[in-house]
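Please read this briefing alongside the sequence and the 3D view that follow. The points are grouped by topic for a reader who is new to the structure.

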Amino acid sequence: MNPKIKQKLQNIKQQLTVVKLVASHPRTPWLSRIMLLAALAYAASPIDIIPDFIPVLGYLDDLLIVPSTIWFAYRMIPADVISECKLQAAQMHPIEG
């Protein structure tokens with residue numbers, strides 16, 4: 001496998017771990033937890049607001065809704081909680097290269 005692709009996949013795995021850790025952290029506000037879980041559920045769900053078979057627009061909703069929901073949720077979470085979870089995720093899934 002291409003080393004750059006492998007590194008990107010490891011980065012995605014690490015970022016998903018950060019989201020999971022932040023969502024389960026006791027100091028994370030409940031609204032942020034709901035938003036994070038809703039974003040992950042929407043990403044994993046086969047039901048979309050705009051069906052994927054519609055060219056361009058079908059995937060555009062996934063590219064806009066999920067990251068913006070996670071961004072808004074992160075804005076409400078204390079910075080030290082996010083830093084702590086990032087450090088913990090980096091220890092769990094180190095990125096090689």
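With which side chain does the side chain of histidine 93 make a polar contact? The partner is the side chain of threonine 17, at 3.2 Å, where a polar contact is a pair of N or O atoms within 3.5 Å, one able to donate a hydrogen and the other to accept it, and residues adjacent in sequence count only if both atoms are side-chain atoms. The model is predicted, so that local features need pLDDT of at least 70 and side-chain atom pairs count only at pLDDT 80 or more, while totals for chains, interfaces and linings use all residues. Residues are numbered from 1 along each chain as its sequence is written, and side-chain values use heavy atoms, with hydrogens and water left out.

**Histidine 93**
- Histidine 93 lies in the segment after α4 (79-92), helices being DSSP runs of H or I with at least four residues, numbered from the N terminus.
- Leaving aside residues up to four places away in sequence, histidine 93 touches Lys13, Gln14 and Thr17, contact meaning heavy atoms within 4.5 Å.

**Valine 56**
- Valine 56 sits in the loop between α2 (30-44) and α3, and it counts as exposed because its relative accessibility is 65%, the cut-off for exposed being over 50% (1.4 Å probe, protein chains only).
- Between the C-alpha atoms of valine 56 and lysine 4, which are 52 residues apart along the chain, the separation is 26 Å.

Terms used: Helix = DSSP H or I, 4+ residues; strand = E, 2+ residues; numbered from the N terminus. Buried < 20%, exposed > 50% of the residue type's maximum accessible area, 1.4 Å probe, protein only.
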